[in-house]
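Biologist: Hi! Could you walk me through this one, starting with where the ligands sit?

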Amino acid sequence: MAYQPLDFYNIEELLNEEEILIRDTTRKFVDKEVMPIIAEEWEAATFPKSLIQKMAELGILGPFVPAKYGGSEASYTTYGLICQELERGDSGVRSFASVQGSLVMYPIWKFGSEEQKMEYLPKLASGKLIGCFGLTEPDAGSDPRSMITRAHKDGNHWILNGAKMWITNGSMADIAVVWAKDDEGRIRGFVVHKEDKGFSAPEQKHKVSLRASVTSELVFEDVRIPADRELPNTSDLKSPLMCLTSARYGIAWGAVGVLQAVLDEAIRYSQERIMFGKPIASFQLTQQKLAELATDLSNSQLAALRVGRLADEGKMKHYHVSMIKRHNVNAALLGARKVRGMLGANGITLEYQAIRHMCNMESVQTYEGTFEIHTLILGEHLTGISAFSNT
Ligand code: TGC
Ligand code: FAD
């Protein structure tokens, strides 16, 4: 039977035909192409590259980009629904799409020259090029302004030196959008090609989270790139932060997908598992857990939809996104952990989804602004006082 998640508040009624169509297409893709292979890929710590072309054919890579650059001109709400479905499959699959769309296509679209847009965007949308986004460094995570990667202008070239860390898609990417400081300390964005001399991307291994995803270092040793590979329209740190806003928005929807997956698993398991002569679903403590999961799912979904509508009206602010990223990802992390426990010993195996989602959500809670960083972004919005400032 086709998968049908809980729709407690009848959210279906709030979606238009196009949104439902693209969501259902993505849902079928996840059921057919992701679910049968994902546990094995996760265990083997490999990203299923065969999915890339299929996602491209569905038009779900950078779907918000204009058609003339190869995008589908989809709404932000549609983009959110795509992320919801992909992350119901696995955070690694959604991460791939987030990075390609929000962190590579978005900055080229927003800050690139017309030539750069025509050169890269159609190839990224069609999966012919894979991209990654290098902001974080070994000693500059939550505080990217403290980065030490440098870009020095030398005639018609820029020379890059430094290192990035924890970069999704890094070693399988054809191009990297890289953020570096110039001699005056201003942060600029560059497109680095994998074949550029002095550039390497060693993969980071031994992760117990987000295993079906490639994570890498990026190393720059006197990487000389033509001046026209700089994104010309950036404004210091604000530009990479704008990319993060787009990606964080998708992540908040992705967390809804995780809650759908684990609630569904918990309901089915608790109806079938007999203990003390009864289905465990008949115990009040089990029902309490299900009620909490359903509430977290429904509230997360409503909040994501409201922010999606604000985005489509051009009214979404970065603090709206902080609230849903913080709330929804935390709810999904705790929800997955709760379901892991409800499955008893079976819950520690990859035969079930809960522990895979639980481990994945540890990364999702950390990347794209940790839970604490989003708390402080909200704190700044509420009080007008930044807890980050060192002045
Ligand atoms: P601050 O002075 O607050 O801001 C500088 C300017 O930017 C504006 N701004 C934003 N604009 C758009 N979106 C946002 N999220 C923005 N946050 C701030 C701000 O209004 C200001 O504008 P203006 O016009 O006044 O100049 O900057 P700060 O240095 O104090 O930093 C603030 C802080 C700590 C919130 C920021 O640095 C931050 O968000 N840190 C967290 C770092 C982070 O999230 N890194 C993520 C790396 S990428 C990643 O994890 C990919 S995972 C991908 C996957 O696999 O899915
Ligand atoms: P730190 O900043 O060192 O934080 C450590 C702890 O201190 C955290 O709990 C944090 O909340 C807390 N903390 C820090 N500052 C404060 C404060 N002011 N107040 C209170 N608490 C604070 N980055 C990219 O650029 N591109 C990518 O593609 C990418 N992909 C990633 C994929 C994975 C699987 C992971 C795990 C990370 C990825 N990242 C990527 C990096 C990610 O964005 C950073 O890990 C994240 O921003 C946190 O930085 P950090 O790990 O250095 O932690």
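**Ligands and domains**

Modeller: Happy to! Ligand 2 lies between domain 2 (131-229) and domain 3 (238-383), because both of them give residues to the shell around ligand 2. Keep in mind that this is a predicted model.

Biologist: Good to know. What domains is the protein divided into?

Modeller: Domain 1 covers 11-125, domain 2 covers 131-229 and domain 3 covers 238-383.

Biologist: Back to ligand 2, then. Which residues come nearest?

Modeller: The shell around ligand 2 has 16 residues, and T136, S142, W166, T370 and E372 come nearest.

Biologist: And what about the backbone of W166, how far is it from a nitrogen atom of ligand 2?

Modeller: A backbone N or O atom of W166 is 2.7 Å from a nitrogen atom of ligand 2. F133 also takes part, with a polar backbone atom 2.9 Å from a nitrogen atom of the ligand. For L135, a polar backbone atom lies 3.0 Å from an oxygen atom of ligand 2.

Biologist: How much of ligand 2 does the protein cover?

Modeller: On its own, ligand 2 has 980 Å² of accessible area, and the protein covers 66% of that.

Biologist: Which elements give two or more residues to that shell?

Modeller: Those are β3 (157-168), α10 (354-366) and α11 (371-383). The one that gives the most is β3, with three residues.

Biologist: What classes of residue are in the shell around ligand 2?

Modeller: Seven are nonpolar, seven are polar and two are charged.

Biologist: Nice. Let's switch to ligand 1. How many residues surround it, and which are the closest?

Modeller: Ligand 1 is surrounded by 25 residues, with S95, R145, T245, R248 and G369 the closest.

Biologist: What does R145 do there, in terms of atoms?

Modeller: R145 has a polar side-chain atom 2.8 Å from an oxygen atom of ligand 1. With E368, a backbone N or O atom is 3.0 Å from an oxygen atom of the ligand. L241 places a backbone N or O atom 3.2 Å from a nitrogen atom of ligand 1.

Biologist: Which classes make up the shell around ligand 1?

Modeller: Eleven nonpolar, nine polar and five charged residues.

Biologist: One last topic. How many residues are in contact between domain 2 and domain 3?

Modeller: Eight residues of domain 2 are in contact with eleven of domain 3. The C-alpha centres of these two domains are 30 Å apart.

Biologist: What area is buried between domain 2 and domain 3?

Modeller: About 750 Å², and carbon and sulfur atoms give 73% of it.

Methods
Residues numbered from 1 in each chain as written. Chains lettered and ligands numbered in written order. Predicted model: local features only at pLDDT ≥ 70, side-chain atom pairs only at ≥ 80, totals over all residues. Heavy atoms only, no water. Near = heavy atom within 4 Å. Polar contact = N/O pair within 3.5 Å; in protein donor to acceptor, adjacent residues only side chain to side chain. Areas by Shrake-Rupley, 256 points an atom, 1.4 Å probe, with all protein chains shown as cover. Helix = DSSP H or I, 4+ residues; strand = E, 2+ residues; numbered from the N terminus. Nonpolar A, V, L, I, M, F, W, Y, C, P; charged D, E, K, R; others polar. Domains from an automatic or database assignment. Contact = heavy atoms within 4.5 Å. Buried area = accessible area lost by both parts, 1.4 Å probe.
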